[in-house]
Amino acid sequence: MRWPWQRKKRSLRIGLALSGGAVRGAAHLGVLEVLEREGIRPDCVAGASAGSMVGAVYCAGIPLADIKRLALRLQWSDVSHITRPGLGFFDNRPLEDYVDRVIGGRCFEELPIPFAAVAVDVMSGELIVLNEGPVAPAVRASCALPIVFTPVPRGDQLLVDGGVLNNVPVSVVRAMGADYVIAVDLVPPVERPAQPQTVFDLGVLVFSTLLRSAYSEAHTADCLIMPDIGHFSWADFSQTLDLIAKGREAAESKIEQIKRDLGR
């Protein structure tokens, strides 16, 4: 007979909430490196925008070293192309095709780690949690930065970047069953941002200003990781290695707290 005090303590179910941040999403890889090194693997993941792209590929079981190699080769031509002016200047359909190739055309139900992407229906103003059916179209919708990229139609919905309403989807991860949530926020406050040079730069600058002024769930996480990347461009893929290093640095500063919290 096993007495109550002899029962093994239930392990906490770990959730990971990954924010958007365009090219800055590479910083998520540095965070994942540190967590993996310590044997801390999430039981569920939710992502907004760039966080949805990283989350989808990671949850599909692609080795982190392979994801880093892909990130170092990634260019805007892989994920978008200029379109006829309409509801956006660029079409990110190539992003859908790219993610589909990388993860082998998987559906959410086939992922080794449960995953959800968040988007916003501009017709209703509601947050839409995408966690069923093909993964790649959901990632495309979650990354559709308004005005810059064309919205993604889904039935009677018109979906745009999930960061519009919830850039750090902590509540989504908790709804997936997480007991302990690690959040990674890639939109830290900055004293003075760099002068925008392109319509994309201007779009993300306006968008990030709105994100910082709106309510954020980031503070509701059990552990919040905020890489020091406020001075990095949102659109320059040449920064990838530096962004990964910044993510790693930020995670190192929090890893002892995480290990204590998890009883490691």
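Glu96 is buried, with a relative accessible area of 17%. Buried here means under 20% relative accessible area, using a 1.4 Å probe and protein chains only. The model is predicted, so local features need pLDDT of at least 70 and side-chain atom pairs pLDDT 80 or more, while totals for chains, interfaces and linings use all residues. Residues are numbered from 1 along each chain as its sequence is written, and side-chain values use heavy atoms, without hydrogens and water.

Glu96 belongs to helix H5 (residues 93-103). Helices are DSSP runs (H or I) of at least four residues and strands are runs (E) of at least two, numbered from the N terminus. Beyond its neighbours within four places in sequence, Glu96 contacts Ala136, Pro137 and Arg140. A contact has heavy atoms within 4.5 Å. Other buried residues of H5 include Pro94, Leu95 and Tyr98. Their cover includes H2, H3, H4, strand E3 (81-82), strand E4 (88-91) and helix H6 (135-142). After H5 comes Gly104, with a positive phi near 70°.

The structure has 1 cavity of 30 Å³ or more. A cavity is a set of points on a 1 Å grid, over the protein atoms alone, where a 1.4 Å probe fits but cannot get out; lining residues have an atom within 4 Å of a point. The largest cavity holds about 530 Å³ of space, the volume filled by probe spheres set on points joined across faces, edges and corners. Its lining has 35 residues, with Ala22, Val23, Ala50, Met53 and Leu74 nearest the centre. H5 is among the elements that give two or more residues to this lining.

Note on methods. Buried < 20%, exposed > 50% of the residue type's maximum accessible area, 1.4 Å probe, protein only. 1 Å grid on protein atoms, 1.4 Å probe; cavity = no way out; pocket = protein on both sides within 12 Å on 5 of 7 lines; lining within 4 Å.
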